[in-house]
Amino acid sequence: MLSRTADNIFWMARQVERSQGTVRLLEAAYRMEQLPESENIWEPILFISGQKESYYKKYDELSSQNVLKFMIFDHENPSSIFSCLKSARENTRTERSILPEEMFESINTTWIESQSMYYDGILKSGFTEFFDWVKDRTELFRGLTVSMMVYDAAFQFARLGTYIERADFTARLLDVKYHLQSKGANRELIDYYQWGEVLRSVGGLHAYKMLYKQDIRPDKIAEMLIFNPIFPRSMISAYNEIITSLTELKKQSTSLNLAYQEQTFLETSNLEEVLKTRTLHKFLTDFIGFTADLSDQIRHDFMQI
């Protein structure tokens, strides 16, 4: 496979997954904002998406309206939902000759429909409806990838893009809660609902109740999202999938060795041990940096980039 083709498919999958991750972050913040005494909800979204500086170049003040416009519609923001959908469409279009036609039709329809959307219209119909639309469209594309692609090298690069992005997103989502330090008389109650929103944003509330059979506890939520291999959006689950695809590519590589290194750490550690040596924020920051380095190494090993 040409390295350029592999890179296009890798980023096609990353951008689709990133658009869903971004909308899940926005949905969590949007719901948290409805809670009493909730403050500083939106700035962490900008911080963990790496767009805080770009935002303040365009806007003088922090508000939900401005952040939502910036993170949904802004074509100059590479992490905005529209930018991600546009990039995913272009990468899919470029590789139409080797991808199922249904995949291009799906992302092309999503892009066309998105062009008729604007802030006031979404505000009128409800942001919940928009959030659900993005999740439905991206899950459809993901389903087509799994059910219609031949399980060849192209499919493995699509899987790698998906799970590199998913590992990164889950860590960033947990880091959002780190930046939301609840204050006031209702601090414990606010924390409870905020952690609940973290779970809902990854569709993990039902899984949590099944696995832990107890009320919401921050340590158990973090444990599930980081270390539980049977929860599909956990960090270790993403690394298990990454290793599966790297192994299927049948090439001993530096990226495979790096992925094994992180997987082994996650398999043999738990939250209590991690917090003995560093804060949760430091652990998540290190993980995000490591995953970014792994992504670069995958592109170097297989795409000559």
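**How helix α1 packs, and where space is left**

Helices α1 and α5 are roughly antiparallel to each other, because their angle is over 145 degrees, the cut-off for that word (under 35 is roughly parallel, 65 to 115 roughly perpendicular, and the rest oblique). This is a predicted model, in which local features need pLDDT of at least 70, side-chain atom pairs count only at pLDDT 80 or more, and totals for chains, interfaces and linings use all residues. Residues are numbered from 1 along each chain as its sequence is written, and side-chain values use heavy atoms, with hydrogens and water left out. Helices here are DSSP runs (H or I, at least four residues; strands are E, at least two), numbered from the N terminus.

**α1 with α5**

- α1 and α5 (residues 81-94) pack at about 160 degrees, with their axes 8 Å apart; axes are lines fitted to C-alpha atoms, for helices over the stretch in contact, and angles run from 0 to 180 degrees between N-to-C directions.
- α1 passes α5 in a left-handed crossing, a term used if the near helix is turned anticlockwise from the far one by less than a right angle (clockwise is right-handed).
- Residues of α1 in this contact include W11, Q15, R18 and T22, while those of α5 include I81, L85, A88 and N91; contact means heavy atoms within 4.5 Å.
- By class, the contact of α1 with α5 has nine nonpolar, eight polar and one charged residues. Ala, Val, Leu, Ile, Met, Phe, Trp, Tyr, Cys and Pro count as nonpolar, Asp, Glu, Lys and Arg as charged, and the others, Gly among them, as polar.

**α1 with α8**

- The axes of α1 (residues 3-33) and α8 (residues 127-148) come within 10 Å and cross at roughly 155 degrees, so this pair is roughly antiparallel.
- α1 passes α8 in a left-handed crossing.
- Among the residues that meet are M12, V16 and Y30 in α1 and F127, F131 and F141 in α8. The class count for this contact is ten nonpolar, three polar and five charged residues.

**α13 with α16**

- Helix α13 (residues 235-248) and α16 have axes that come within 13 Å and cross at roughly 15 degrees, which makes α13 roughly parallel to α16.
- In this pair, M235, Y239, I242 and L246 of α13 meet residues of α16 including F283, F287 and F290.

**Pocket and cavities**

- On a 1 Å grid over the protein atoms alone, a cavity is a set of points where a 1.4 Å probe fits but cannot get out, and a pocket is an open set with protein on both sides within 12 Å along at least five of seven lines; lining residues have an atom within 4 Å of a point.
- The largest pocket holds about 350 Å³ of space, a volume being the space filled by probe spheres set on grid points that are joined across faces, edges and corners. Of its 23 lining residues, R14, R18, E165, D168 and R172 are the closest to its centre.
- α1 gives the most to the lining of the largest pocket, with seven residues.
- There are three cavities of 30 Å³ or more, and the largest cavity has about 70 Å³ of space.
- Which residues line the largest cavity? They are M12, A13, V16, E17, F141, R142, T145 and T162, and the largest share, four residues, comes from α1.
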